[in-house]
Amino acid sequence: HEDGRVLTPPEFKKAYQDMVEGGWMGATASPEFGGMGLTESVGTAINEYITGANVALSLTLLLTRGTSHLIESFGTDEMKGLFCEKMYSGRWAGTMCMTEPGAGSDLGAIKTRAVRTEGGRYMLSGEKIFITSGEHDLTENIVHAVLARTPEAPQGPKGLSLFIVPKVRVRPDGSLAGPNDVRCEKIEEKMGIHGSPTCSLVFGPDDACEG
């Protein structure tokens with residue numbers, strides 16, 4: 001962990017590239033977004049091999065595939081076009097950001113805020129902990145799926161919304177703009193998985209985190 005960045009060993013970079021070049025990230029994804037379109041049963045067998053080789057590295061694939069599938073299933077056409085192919089190909093990675101300090105597994109107690117802007121985007125502020133693969137240098141971008149609450153939302157889990165918050169902002173044409181206001185404060189200690197960059201992330205430390 002160096003100044004908000006997480007650096008991975010060269011061996012991890014090579015292994016990750018070997019997996020994405022083989023198409024294994026999107027093995028069960030739709031061919032519409034660059035996947036192989038294989039069945040989930042075959043995908044499970046593939047995952048067993050990867051997990052058996054290295055649990056820590058397999059988690060990056062798991063979270064990326066899950067986040068891109070979430071966007072494919074529930075996102076707008078614009079969201080799908082911007083994110084899915086790049087994530088299923090492994091060019092970009094993904095995370096799920098739920099747990100917060102003081103909230104733990106009680107998602108209804110989440111305090112991360114999202115305030116709508118005039119342009120229809122949202123400005124996020126809050127902290128998430130134990131985020132698997134929350135920061136690393138394996139890909140050029142990391143797409144965070146972040147649970148947050150708008151100012152007018154009711155208390156409890158029914159008041160939560162889900163936001164796409166990329167580490168690097170994405171232009172409407174899919175190219176990368178400047179860095180988003182997302183900072184890794186530290187690498188968490190997760191029992192038994194020491195090779196996984198499980199991170200504490202702060203969204204909006206400079207009031208400029210866009211989702």
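Is Ser-133 buried or exposed? Ser-133 counts as buried, because its relative accessibility is 1% (buried is under 20% relative accessible area, exposed over 50%, and partly exposed in between, with a 1.4 Å probe and protein chains only). You'll find Ser-133 in the loop between S3 and S4, and its phi is positive, about 55°, although it is not a glycine.

Some ground rules before we go on. This is a predicted model, in which local features need pLDDT of at least 70 and side-chain atom pairs count only at pLDDT 80 or more, while totals for chains, interfaces and linings use all residues. Residues are numbered from 1 along each chain as its sequence is written, and side-chain values use heavy atoms, with hydrogens and water left out. Helices (H or I, at least four residues) and strands (E, at least two) are DSSP runs, numbered from the N terminus.

Asp-3, in the segment before H1, is not a glycine either, yet has a positive phi of about 50°. Asp-3 counts as exposed, because its relative accessibility is 66%.

Now for the helices. Helix H1 (residues 10-21) and helix H3 (residues 55-74) have axes that come within 11 Å and cross at roughly 45°. Axes here are lines fitted to C-alpha atoms, for helices over the stretch in contact, and angles run from 0 to 180 degrees between N-to-C directions. That angle makes H1 oblique to H3 (under 35 degrees counts as roughly parallel, over 145 as roughly antiparallel, 65 to 115 as roughly perpendicular, and the rest as oblique). On the H1 side, the contact (heavy atoms within 4.5 Å) is made by Phe-12, Ala-15, Tyr-16 and Met-19, and on the H3 side by Ala-56, Leu-57, Thr-60 and Leu-61. Sorted by class, that is seven nonpolar residues, one polar and no charged ones. For these classes, Ala, Val, Leu, Ile, Met, Phe, Trp, Tyr, Cys and Pro count as nonpolar, Asp, Glu, Lys and Arg as charged, and the others, Gly among them, as polar.

H3 also meets helix H2 (residues 40-53): the two axes come within 6 Å and cross at roughly 140°, which makes H2 oblique to H3. Here Asn-47, Ile-50, Thr-51 and Ala-53 of H2 touch Val-55, Ser-58, Leu-61 and Arg-65 of H3.

H3 brings Thr-64, Arg-65, Thr-67, Ser-68, His-69, Ile-71 and Glu-72, and H4 brings Met-79, Lys-80, Phe-83, Cys-84, Met-87 and Tyr-88. They divide into six nonpolar, four polar and three charged residues.

Ala-145, in strand S4, counts as buried because its relative accessibility is 6%. Leaving aside neighbours within four places in sequence, Ala-145 is in contact with Thr-67, Leu-70, Thr-95, Met-96, Cys-97, Leu-162 and Phe-163. Thr-150 sits in the loop between S4 and S5 and is buried as well, because its relative accessibility is 12%. With the sequence neighbours within four places left aside, Thr-150 is in contact with Ala-114, Tyr-122 and Phe-163. Thr-150 and Val-115 are 35 residues apart along the chain, but their C-alpha atoms are separated by 5.8 Å.
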